[in-house]
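Subject: Structure handover

Hello,

Here is the structure I said I would pass on. My notes follow below it.

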Amino acid sequence: MTSDAGDWLDQAHPDTLAVRAGIRRGPEGEHSEPIFTTSSYIFDSAADAAARFDGSRSANVYSRYTNPTVRAFEQRLAALEGADAAVGTASGMAAILSVCMTFLQSGDHVICSRDVFGSTVGLFQNYLNKFGISISFVGLRDLAGWSAAVTPNTRLLYCETPSNPLSEIADIAALGEIARAANARLVVDNCFCTPALQKPLALGAHVVIHSATKYLDGQGRVLGGAVVGTRDDMAQVNSFIRTCGPSLSPFNAWVAMKGLETLSLRMRAHCDNALALAQWLQQQAAVDRVHYAGLPEHPGHDLASRQQCGYGGVLSFEVIGGQGAAWRFIDATELMSLTANLGDAKTTIVHPATTTHGRLSDAQRAEAGIADGLIRIAVGLEHIDDLIADCQRGFDALA
Ligand SMILES: *Cc1c(COP(=O)(O)O)cnc(C)c1O
């Protein structure tokens, strides 16, 4: 008799959880998970309505609060991260905002790695600052810098690892200890690795952030996000979301949940393709440096080998000849999509200095290591020979 809950599920391998966790079948006996596109739910009686509202009966009331499809996605993702609970959000930024609104108040201080996602910097600098929350930016690998930045008001340490686009690696266990000593939480944006490659909670982080828009969906179809952590913490995050509204739509939850079923297969293929492309790029005369933690020369290689089980799909490299050469390379490629997105089956290529990092001053870009000749490729699932052939078109344009 088929059952999608039970002791076997608690002991199952992550690949099995990705396919089976969080399923709730309806009376029709559907095999694939249904989508519950409803804003509200009918109560059995006036007494039932009262019980659902006062919380003495836990059941659906309104889809800003809970929705069965969103819950299925949350349970599957929590199982993959090895967490008690997850909360779906409308986007990755909604997840980050929800964590900040839940755990910070006026007067608090945040320490953040310097090279996080641009909108994350914007949230901290342009919005949280308005409410008296201060922020210090430190280098991802500068552990002494993280310790030195701690103040009595520090409540959050925030990082992304591997970093974008240079593939720098944070020591999650060490940052978790600094956070614990400061009575603060370590929040890790696990967007680039996904739980298929890295489980920050097991390494010592308190909260994990996801943009489901990237690898969790994996095919560039929807926006979504999630916060993952302990049951108590997630109850607080959920309370913010149901009150303030950055809730995940059931359709987007369903797309991301179906994406999870193939996550580990896809991540393995992204890693294999990215490593092969990085090794090929390293041999090209027009390439100055390749940034990919899978290469033994990369400064984060040993740490990544310990805390990840794969190096991810994003790499960057510097072509000789600066911005002019980088633009000629990009414009000569035909297969790769010229777009700033990542985490897609389709390979994407972008020039960080004039797009994702274009708003930085020259000095800030230099400090962040974003050279004018730097090109980022988020390696997709096409055949490696076709990706190499496309890069060869780029190099031919430089000859
Ligand atoms: C895209 C991205 C986000 C934001 O996610 P959205 O779904 O676009 O809001 C946050 N962190 C990282 C690392 C990202 O790549």
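Which residue in β3 stands opposite Ser113? The residue is Val138. Please keep in mind throughout that this is a predicted model.

The sheet

Ser113 belongs to strand β2, residues 109-113, which runs parallel to β3 and is joined to β3 by five bridges. Both strands are part of an open sheet of seven strands with mixed pairing, in the order β1-β7-β6-β5-β4-β2-β3. At the edges are β1 (85-89) and β3 (134-138), each of which pairs on one side only. On average, and ignoring direction, neighbouring strands of the sheet are turned by 20 degrees against each other.

Helix α11, residues 231-244, packs on this sheet. The strands that α11 touches are β1, β5 (185-189), β6 (207-211) and β7 (225-229). The direction of α11 makes about 20 degrees with that of β1.

The α5/α6 pair

Helix α5 covers residues 92-103 and helix α6 covers residues 118-127. Their axes are 10 Å apart, and the two helices pack at an angle of about 30 degrees. Because angles under 35 degrees count as roughly parallel, α5 is described as roughly parallel to α6. The crossing of the two helices is right-handed.

On the α5 side, the residues in this contact are Met93, Ile96, Leu97 and Cys100. They meet Ser119, Thr120, Leu123 and Phe124 in α6. Sorted by class, the contact has six nonpolar residues, two polar ones and no charged ones.

Regards

Methods
Residues numbered from 1 in each chain as written. Predicted model: local features only at pLDDT ≥ 70, side-chain atom pairs only at ≥ 80, totals over all residues. Heavy atoms only, no water. Axes fitted to C-alpha atoms, helices over the stretch in contact; angles between N-to-C directions. Helix = DSSP H or I, 4+ residues; strand = E, 2+ residues; numbered from the N terminus. Parallel < 35°, antiparallel > 145°, perpendicular 65-115°, else oblique. Left-handed = near helix turned anticlockwise from the far one by under 90°. Contact = heavy atoms within 4.5 Å. Nonpolar A, V, L, I, M, F, W, Y, C, P; charged D, E, K, R; others polar. Pairing = 2+ DSSP bridges.
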